[in-house]
Each structure stands twice: as C-alpha cells, then as structure tokens.
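Subject: A structure for you to look at

Hi,

Here is the structure I promised to pass on.

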Amino acid sequence: MDAVVASLAPGAPTGESESNETGKPHLRGCPVSFAKLKALLAADLYRYAGRVGLGPFLKHYAFTPGYKYTVLMRTCGWLKLKPLKGFGLYPISKLLLLRARYKYGFAIPEYLEVGPGLFLNRFGGFYFHGDTVLGSNVNVTHGVVLGYMNRGRNRGAPVVGDRTFLGSGAKVIGGINIGAEAAIGANAVVTKDVPPRGVVGGIPAKLLSDQGSDGYVNRLAPPELLAACEGALHGWRESQPNRKSA
C-alpha cells in the first residue's frame with residue numbers, strides 16, 4: 001500500500017479483542033482519538049464537498065447517505081475504544097449505525113480498516129467483511145461486495161489499495177490484493193490479484209488495460225488532510241495467512 005495508508009499502522013495489534021484470527025470482530029480500524037476521528041471525517045467530507053467545515057458537514061450528514069454512514073461508522077469505532085465503551089455511548093452509536101445499515105443498505109462494520117477519503121457513491125447493497133482493508137481515497141459504487149473466503153489459497157478478505165475505483169456490482173471475494181489506482185469494472189467478479197493501475201472486468205475478471213482509475217476517482221483528499229490522519233487507526237495487520245502485501 002502507499003505510504004499514507006501504511007502510516008495508519010502504528011504497530012501490530014495486541015490483546016484478545018484484537019486477535020488476528022480471521023472472521024472475528026477486532027479493534028484495528030477504530031480511530032485512536034477524537035482528533036484523529038475529526039481528521040478522518042474531514043478527509044472523507046472533502047471527497048463529497050470539495051471543502052471542509054461545519055456547513056458542508058451538516059449538509060452531507062443530513063442529505064448524503066454515504067457520508068452519514070461513514071460518520072456513524074467511524075464514531076462508533078472511536079467510542080468502542082473508550083473506557084467502558086464510551087461510558088454507555090457506544091451501545092447508542094451502535095444502534096444508530098445498525099439503523100443506518102438497514103435504512104441505506106450499508107453492511108460495513110465500525111472496526112473495518114478504512115483509510116481517509118472514503119467515498120460511497122449512491123446507496124444500497126454494500127457489503128464489506130470486517131477483515132477487509134481499504135486504502136485512502138477509495139471510490140465504491142453501489143452493489144459492491146468485498147467478501148471473505150473460508151478456505152483455499154485465497155482464504156481471507158480483500159486488501160484494496162489507494163485511489164482504487166470499484167464499479168457498481170463488483171465482487172471481490174477472498175484474500176485478494178487490489179493494487180493502488182486500480183479500476184474494477186461493473187459486475188466484475190475478481191478472483192485473483194489486480195496489479196497497480198490494472199483495469200479488470202468480466203466474470204471472472206480479466207486484466208483489460210493498465211490505464212488505472214484516472215477519471216474515476218475524483219476530488220482526492222489533499223496531502224495535508226491525509227497527513228493529519230497519520231496514525232489514526234488503532235492497529236494494522238502486518239501479515240496474515242495466505243495474503244501478500246499490497
């Protein structure tokens with residue numbers, strides 16, 4: 001992954017609740033402080049509004065399902081790290097997140113490792129397994145599934161690189177590495193690694209070109225917003241079985 005994403009990994013996780021056993025809830029994607037939570041949400045907001053501030057925040061929280069869900073998801077993850085689960089606020093935030101999940105069709109857990117600048121386009125049919133890792137400035141269109149494979153060579157969940165575009169209805173199942181600036185076509189079923197700037201499509205997906213995601217990932221969060229997010233996440237897996245580095 002790019003340096004910005006790697007910087008979100010302060011070290012290998014420790015503790016029973018952060019077990020590297022795949023398929024189990026963990027804390028690795030939870031923001032470590034309120035300041036880092038605000039930095040992540042500012043980078044996310046820029047992807048929608050092209051600017052940050054209270055006005056754009058209120059507008060997109062009220063009227064943009066993708067950003068509203070992202071706010072609830074990251075806030076819930078932050079509260080999950082607080083003493084006594086945020087002194088009772090975590091269960092409330094979890095209920096709000098579940099309500100948004102069923103209202104908008106976003107099945108993305110609060111502990112998912114997501115870099116800054118997430119852009120969820122439209123709403124409905126998003127499913128991301130909790131062991132999935134997303135880089136920075138990633139575009140995801142409705143109907144995308146990032147799923148877990150229980151056995152075989154690609155056991156595990158996907159790792160998606162920075163500035164990647166995932167087209168409507170795309171499916172990435174198992175411990176697949178999607179390189180930085182790749183583009184996954186609509187309804188593609190990805191069954192093997194995609195190189196950086198690779199463009200793939202079809203069932204199963206095949207490499208079509210090396211033109212990357214140029215023109216599909218727009219309004220990138222600027223370097224200063226990304227820099228503010230360094231060290232924002234609680235943990236980062238250095239390795240896991242059957243997964244190669246992105």
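Predicted model: local features only at pLDDT ≥ 70, side-chain atom pairs only at ≥ 80, totals over all residues.

First, the cores. The largest nonpolar core is made of 43 residues. Several elements each supply at least two of its residues: α2 (34–49), α4 (65–81), α6 (89–104), β3 (119–121) and β4 (126–128). Of these, α4 gives the most, with 8 residues.

Setting aside its neighbours within four places in sequence, you'll see Ile184 in contact with Phe165, Leu166, Gly167, Ala170, Ile178, Val190, Val194 and Val200. There is also a second, separate core of 10 residues, with Ala39, Leu40, Leu225 and Cys229 among them.

Now for the glutamate. Glu110 sits in the loop between β1 (106–107) and β2 (113–114). Is Glu110 buried or exposed? Glu110 counts as buried because its relative accessible area is 2%, and the cut-off for buried is under 20%.

So what does the side chain of Glu110 make polar contacts with? One partner is the side chain of Tyr90, at 2.7 Å, and another is the side chain of Lys94, at 2.8 Å. Again leaving out neighbours within four places in sequence, the residues in contact with Glu110 include Gly29, Cys30, Met73, Cys76, Gly77, Lys80 and Leu97.

Happy exploring!

Key:
Residues numbered from 1 in each chain as written. Heavy atoms only, no water. Core = buried A, V, L, I, M, F, W, Y, C linked by side-chain atoms within 4.5 Å. Buried < 20%, exposed > 50% of the residue type's maximum accessible area, 1.4 Å probe, protein only. Helix = DSSP H or I, 4+ residues; strand = E, 2+ residues; numbered from the N terminus. Contact = heavy atoms within 4.5 Å. Polar contact = N/O pair within 3.5 Å; in protein donor to acceptor, adjacent residues only side chain to side chain.
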